[in-house]
2 protein chains.
Amino acid sequence: MREPPVKPIEWLGGSVRIIDQRDLPQAETHVVLSEAAEFADAIRTLAVRGAPLIGIAAAMGVAVEAGRWAASPWDVFEAKVARAIGDLEATRPTAVNLSWALRRMERVLDAGRARASPAKTAGSLEDEALRIYREDLDMGCRIGEIGADLIEDGFTVLTHCNAGGLATSGYGTAIAPVYVAHSRGTRLSVIADETRPLLQGARLTAWELKHAGIDVTVVCDSAAHLMLASGKVDIVFVGADRIASNGDFANKIGTYGVALSAGANGVPFYVAAPSSTIDVGIMTGDRIPIEERDGEEVTTIAGTRVVPEGVKAANPAFDITPADLVTGIITERGLFRPPFEIG
Amino acid sequence: MREPPVKPIEWLGGSVRIIDQRDLPQAETHVVLSEAAEFADAIRTLAVRGAPLIGIAAAMGVAVEAGRWAASPWDVFEAKVARAIGDLEATRPTAVNLSWALRRMERVLDAGRARASPAKTAGSLEDEALRIYREDLDMGCRIGEIGADLIEDGFTVLTHCNAGGLATSGYGTAIAPVYVAHSRGTRLSVIADETRPLLQGARLTAWELKHAGIDVTVVCDSAAHLMLASGKVDIVFVGADRIASNGDFANKIGTYGVALSAGANGVPFYVAAPSSTIDVGIMTGDRIPIEERDGEEVTTIAGTRVVPEGVKAANPAFDITPADLVTGIITERGLFRPPFEIG
């Protein structure tokens, strides 16, 4: 496997180095985490963010904590590791990948109980955390290879939010096809929606594409529609937070509007996400709950209040895009085209 | 005529009081302008903004300057007033209402030359400036009355940017129906798109509606689509910067995306603008030029750079909405429904 284009997280053996994403794009700050409480802080404060990356970081946090207590008696070891799992899980209760990764670590801890060897179990926990990390790299590469086949020389790709390397182990989902196409020598440009309110597109997608030497232009979210209508965009790639069995999907607020404009202007619109994003228990998008976040994310930008005191803001974090606006869904298992019957 | 809901500009007799819109919403600062150079500064620095208001302010600036020189010989008077017209016109070369208002003032100055009485001509210039102001109030009231008939009790209105009182003499265009409906006792709420990059919705529309005691909620531009899809919006009103004969129109960037979502979800979408916005010389929207503004408006928010250094931003200020997405166009002359053959 090639080196990923960015390294938001790196296993150092007994500790982990992360990019503190709160400082991007002004500064690339690296922080070393060496106990579970530091991982929990990093996740809680959004120093690491992005559903896949949160899962990886939590698993590595458990492995680091296990290493710290590997010379202790089993009871102490087990209690410390179990507590780390609980503390990490409490950081971001809504992130699916977080509990998924921690359940995997918990199963390894449970399996170690029969032998009651802290050192051996700590080794197995480290193996599992690195397996989760490498599986994510594989997933990103596979999505990237499939998606890159859709990108022709000279294409301009539009994307919304950050479903890039910084949200994962390093390749991303929606951005992975861009990296693979670039590495194949395909000439391309990216238009990144700034993605209000938290500006993940302006801050993170722009940063990692510039870092990889890929041409990127930021636009206000509301300008994406003009870009699509005026022939400046050849293909759209977005990520997904949850995909229903019929292909309807939830993603960062604004994705639905982009899909409508792509559809109205004949621009292909692709969703790229790990297959774990597919929720087979949900048939249609209207069953996906939408998280409402604090209105202050809208009313205050960079410390300055931009909305009058006493005026409220609504801040839905996601919207639902109906399957009939989706040209194709890319997972590590392949490219699905409508009618979607996935999961 | 009732008092307008806000007073962004007031004739004091020999001077003019404005609200400095750069300080909104944090502070309501009133500034008195008493010579043409101060008016030019106010327009250039966006202390007053909004196409109709710029025209009114420029006309009043000419009238104030004329008053200052009313006791001088005709040649001095004429030179000073002509220079004020030239200086005011140079402030915002693309604003149509600015040159339209200044041409009217120029014609009054020209008509005064035969009599060569500075005092009488200064009086006529004051009359003309106040006529432009009152015509705008009348226009806003008329649009408001027509539009208010479309707002039923309990409605939620969505609007984009600020086509409100602060952009005009006090009633606005797209917001005028809201004010009139409110004054009739119709219960209603407004959702204001924040309108990146300059946040006129968050800063100005929210401020003036709160000031008028009307319920308002701010959303990120990208959340408008979810609001429209989820049944939270009953009707959309937007302004226009230029309307082609076939009903295609230019308005603040993002308007086209709102129109697409309104159309896809069966929400009526109305354009409200003075009839002077109709450009009979342009048949279709694709002939309307789109102003590209400085990318720094996107990359830097409230003094903080949010896009990595070295990454560019595109910043189109307007987009074109095709007539087939427009339910109706309201001007002071009436409500036009498709097929539009206006002008």
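Two strands pair if DSSP finds at least two bridges between them. This predicted model has such a pairing between its two chains: β6(A) and strand β14 (residues 312-313) of chain B pair in the parallel sense over two bridges. Within that pairing, A:V218 has B:A313 in β14(B) as its bridge partner. The points below cover the symmetry, the interface and the sheet.

**Symmetry**

- Two copies of a chain are related by a rotation about an axis and a shift along it.

**Size of the interface**

- The size of an interface is often given as the accessible area lost when the parts come together.
- Between them, chain A and chain B bury about 3800 Å², and 69% of this lies on carbon and sulfur atoms.
- Three residues, A:S222, A:L226 and A:K312, supply 13% of the area that chain A buries against chain B, which is more than any other three residues supply.
- In terms of contacts, 50 residues of chain A touch 50 residues of chain B.

**Contacts across the interface**

- There are four salt bridges between chain A and chain B.
- One salt bridge joins A:E194 and B:R196, whose closest N and O atoms are 2.6 Å apart.
- Across the interface, 17 residue pairs are in polar contact.
- Several elements of chain A give two or more residues to the side that touches chain B, including the helices α7 (200-211), α8 (224-229) and α9 (255-264).
- Strands of chain A also do this, among them β6 (215-219) and β14 (312-313).
- The side of chain A that touches chain B consists of 30 nonpolar, 10 polar and 10 charged residues.

- Eight strands form an open sheet with mixed pairing, in the order β17(A)-β16(A)-β10(A)-β7(A)-β4(A)-β5(A)-β6(A)-β14(B).
- At the edges are β17 (334-336) of chain A and β14 of chain B, each of which pairs on one side only.
- A:V236 stands opposite A:F269, a residue of β10(A).

Note on methods. Residues are numbered from 1 along each chain as its sequence is written. Chains are lettered from A and ligands numbered from 1 in the order in which they are written. This is a predicted model: local features need pLDDT of at least 70, side-chain atom pairs count only at pLDDT 80 or more; totals for chains, interfaces and linings use all residues. Side-chain values use heavy atoms; hydrogens and water are left out. Contact means heavy atoms within 4.5 Å. Buried area is the accessible area (1.4 Å probe) that two parts lose on being put together, summed over both. A salt bridge is a side-chain nitrogen of Lys or Arg within 4 Å of a carboxyl oxygen of Asp or Glu. A polar contact is a pair of N or O atoms within 3.5 Å; within protein, one must be able to donate a hydrogen and the other to accept it, and residues adjacent in sequence count only if both atoms are side-chain atoms. Helices (H or I, at least four residues) and strands (E, at least two) are DSSP runs, numbered from the N terminus. Ala, Val, Leu, Ile, Met, Phe, Trp, Tyr, Cys and Pro count as nonpolar, Asp, Glu, Lys and Arg as charged, and the others, Gly among them, as polar.
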